[in-house]
Amino acid sequence: MSNAAQTLPSGRVALGQQSPALALGPLDGRYRPQTAPLVDHLSEAALNRERVHVEVEWFIHLCEQRALAGLEPLTAEQEAGLRAIVTGFDAAAVAELAELEAVTVHDVKAVEYFIGRRLPELGLGHLTPLVHFACTSEDINNLSYALGIKDAVEQVWLPAAHGLVAAVSAMARETKAVPMLSRTHGQPATPTTLGKELAVFAHRLDRQVQRVAGTEFLGKLNGATGTFAAHTAAAPDTDWPGISRSFVTGLGLTWNPLTTQIESHDWQAELYADVARFNRILHNLCTDVWSYISIGYFQQIPVEGATGSSTMPHKVNPIRFENAEANAEISCSLLDTLAATLVTSRWQRDLTDSSSQRNIGVAFGHSLLAISNVVKGLDRLDVAEATLAEDLDQNWEVLGEAVQTAMRAEAVAGREGMDNPYERLKDLTRGHRVDAQRMRDFIGELGLSEETAQRLSALTPSGYTGLAERLVDSYGL
């Protein structure tokens, strides 16, 4: 393995920096550079490494707890030797496991034999029966998946998502005072600021990031049908639930005390729903930015040497946002399927989860790719303030809301002549173009108090943004 010297923060060998080979899917081919960090946590090789990790730690834990007669805690050297099997897990180990599995036709049994081969050199050959003791395969698998998913979320997906939120928030702060015509139902509406609209997306995305960050990663180790039957048959006086709890929590997971053969996967469904919701909000951001580009609110900064269109030299296409939309949709489809499938298991166990969970990395990969593209796309945008200003100046009728609302306030205060404010502004603005002079003439004829009339006469579409700037300062992250 050419990158054997590269390691993860845990000290384990990095698996995700290999050169892209011929690949069936784009995540392992065209988009490998953006998604490679997930390989270290959600690939088949990473799953096998976590299986080795769980089996090794269970072996050590049984000894520490003296769970069986004759067991004593291992020496520091023996523990270090066992854990080195995990930290040194590399391409050669992957190949060896594949050879074992070809014989066993069982992935977890291959892991058991893989570890057993290494015990004699550590002076632990006599404890080979302790490997995979009282475990069903799902005891190992559920913990391995939980550890891999936890690391992928915390070390890869969350940092990328935080980076995206930071990028949107930074743009919101930079443009908090840039007035912009709103469009509700696609029609000209009460002005806002570009920054406030971006801050809405930053706030929405951040809420989902916080939900994902609060994920509870559950795990179980309780035997073939969740009853500790084999455990108690071998050692009836041992506190197996207590040992199971301390083991699972010692791995950094939350102990699930009551399961069938499988950990019920409800936490996974909850996580995938949150990530999918993040994706959908991100998709909404893409469609809005794409639309702003199409009407000239944003100008795209050309990349030196890049081609926008193969035949139209003037074009700079918003491909980053289109790419992100597609990848967010693919990710959501997979996450929705996983969330729906994993919460159901026939009686005490079926294997639908086994095939489904092998696509977890693909689902996160497409989400990560969408995030990457949006960050890059936002970085290549310039705000066309002149275009925004011109659009506002062509739509003075949006001040109709302000005028009729001020009339209502004056009517409540007892001022005469403020009848039917909405209807009067509707007659002025609906189906008619209203310029600055016509709006000011209308205001002057209403009989408003002098203070209100002056305030409204001084109002322009670009100045009618309410508390938008303050909202960004207060809540725009």
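**A tour from loop to core**

Start at Ala-134, which sits in the loop between helix H5 (107–116) and H6. Helices here are DSSP runs labelled H or I of at least four residues, strands are E runs of at least two, and both are numbered from the N terminus. The model is predicted: local features need pLDDT of at least 70, side-chain atom pairs count only at pLDDT 80 or more, and totals for chains, interfaces and linings use all residues. Residues are numbered from 1 along each chain as its sequence is written, and side-chain values use heavy atoms, leaving out hydrogens and water.

Stay on Ala-134. Its phi is near 60°, a positive value in a residue other than glycine. Ala-134 is buried, at 18% relative accessible area. Buried means under 20%, exposed over 50%, and partly exposed in between, using a 1.4 Å probe and protein chains only.

Next, select H6, residues 137–174. Its 38 residues should span 56 Å, and its end C-alpha atoms are 54 Å apart, which agrees. The expected span is 1.5 Å times one less than the number of residues. Where does H6 kink? Look at Val-153: a kink of about 40° is centred there. The bend is the angle between axes fitted to the seven residues ending at a residue and the seven starting there.

Now show the largest nonpolar core, which has 112 residues. Such a core is a set of buried Ala, Val, Leu, Ile, Met, Phe, Trp, Tyr and Cys residues joined through side-chain atoms within 4.5 Å. H6 gives the most to this core, with 17 residues. Click Leu-271, one of the residues with the most contacts inside the core. Leaving aside residues up to four places away in sequence, Leu-271 touches Ile-149, Val-153, Val-212, Thr-215, Phe-217 and Phe-364. Contact means heavy atoms within 4.5 Å.

Move to helix H7, residues 194–213. Its 20 residues reach 28 Å from first C-alpha to last, close to the 28 Å expected. Val-212 is among the buried residues of H7, along with others including Leu-198 and Phe-201.

Jump to Phe-228, in the loop between strand E3 (218–219) and helix H8 (229–234). Phe-228 has a positive phi of about 60° although it is not a glycine. At 10% relative accessibility, Phe-228 is buried.

Finish with the cysteines. How many disulfides are there? The structure holds 0; a disulfide is a pair of cysteine sulfur atoms within 2.5 Å. Cys-63 is buried at 0% relative accessibility, and Cys-135 is buried at 14%.
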